[in-house]
Amino acid sequence: MVAGIMEVDLHGKNTYQAKVTLDAALRRASGGTYRIRCIHGFHGGTALRDMVREEYGKHPRVLRVETGVGPGATDLVLREF
């Protein structure tokens with residue numbers, strides 16, 4: 001983990017497993033964590049990427065979703081750094 005950024009690898013998970021993993025990461029995120037980097041990949045399809053961006057863009061703990069980290073990852077911004 002880079003200081004303040006928690007990475008969650010979702011490779012090999014279906015959307016239900018990915019959602020359970022991300023919900024747990026959001027519960028574990030401490031005050032020092034300002035973003036969660038969801039590594040979902042993109043070669044195997046876009047179901048995980050789409051789920052992360054749609055479901056967690058509306059989550060109460062997530063300020064915004066950033067997609068500029070690369071095609072295989074999405075950042076959930078929890079607070080401003």
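Reply: What follows is a set of questions and answers on the labels used for this structure.

Reply: This is a predicted model, in which local features need pLDDT of at least 70 and side-chain atom pairs count only at pLDDT 80 or more, while totals for chains, interfaces and linings use all residues. Residues are numbered from 1 along each chain as its sequence is written, and side-chain values use heavy atoms, with hydrogens and water left out.

Me: Which helices and strands does the protein have, and in what order do they run?

Reply: The protein has two helices and four strands. Their order from the N terminus is β-α-β-α-β-β. Helices (H or I, at least four residues) and strands (E, at least two) are DSSP runs, numbered from the N terminus.

Me: How do you know that the span of helix 1 agrees with its number of residues?

Reply: The expected span is 1.5 Å times one less than the number of residues. Helix 1 (residues 15-28) has 14 residues and should therefore span 20 Å; its end C-alpha atoms are 20 Å apart, which agrees. At the start of this helix, a side-chain oxygen of Asn14 comes to within 3.1 Å of the backbone nitrogen of Tyr16.

Me: Which residues of helix 1 are buried, and what covers them?

Reply: Buried means under 20% relative accessible area, exposed over 50%, and partly exposed in between (1.4 Å probe, protein chains only). In helix 1, Ala18, Leu22, Ala24, Ala25 and Leu26 are buried. Their cover includes strand 1 (5-9), strand 2 and helix 2 (47-56).

Me: Why is Arg35 called buried?

Reply: Arg35 has a relative accessible area of 13%, and the label buried applies under 20%. Therefore Arg35 counts as buried. Arg35 is found in strand 2 (residues 35-39). Contact means heavy atoms within 4.5 Å. Leaving aside neighbours within four places in sequence, the residues in contact with Arg35 include Gly4, Ile5, Met6 and Glu66.

Me: What makes the pair of Glu66 and Arg35 a salt bridge?

Reply: A salt bridge is a side-chain nitrogen of Lys or Arg within 4 Å of a carboxyl oxygen of Asp or Glu. For Glu66 and Arg35 the N to O distance is 2.9 Å, so the pair meets the rule. It links distant parts of the chain, with Glu66 in strand 3 (residues 64-66) and Arg35 in strand 2, 31 residues apart. Glu66 counts as partly exposed, at 22% relative accessibility. Side chains of opposite charge can pair when their charged atoms come close.

Me: How do you know that Asp75 and Arg37 form a salt bridge?

Reply: The closest N and O atoms of Asp75 and Arg37 are 2.8 Å apart, and the limit is 4 Å, so this is a salt bridge. Asp75 lies in strand 4 (residues 73-77) and Arg37 in strand 2, so the pair ties together parts that are 38 residues apart in sequence. Asp75 is at 0% relative accessibility and therefore counts as buried.

Me: How many salt bridges does the rule give?

Reply: The count comes to seven salt bridges. One of them joins Asp50 and Arg49, with the closest N and O atoms 3.2 Å apart. Salt bridges that share partners join Arg35, Arg37, Arg64, Glu66, Asp75 and Glu80 into one network.

Me: Why does His40 count as buried, and where does His40 lie?

Reply: His40 is at 5% relative accessibility and so counts as buried. His40 lies in the loop between strand 2 and helix 2. A polar contact of 2.8 Å joins the side chains of His40 and Thr74. A polar contact is a pair of N or O atoms within 3.5 Å; within protein, one must be able to donate a hydrogen and the other to accept it, and residues adjacent in sequence count only if both atoms are side-chain atoms.

Me: What makes a set of residues a nonpolar core?

Reply: A nonpolar core is a set of buried Ala, Val, Leu, Ile, Met, Phe, Trp, Tyr and Cys residues joined through side-chain atoms within 4.5 Å. The largest one here has 17 residues, and those with the most contacts inside it are Val8, Leu10, Leu22, Ile36, Cys38, Val52 and Leu76. Strand 1, helix 1, strand 2 and helix 2 each give two or more residues to this core.
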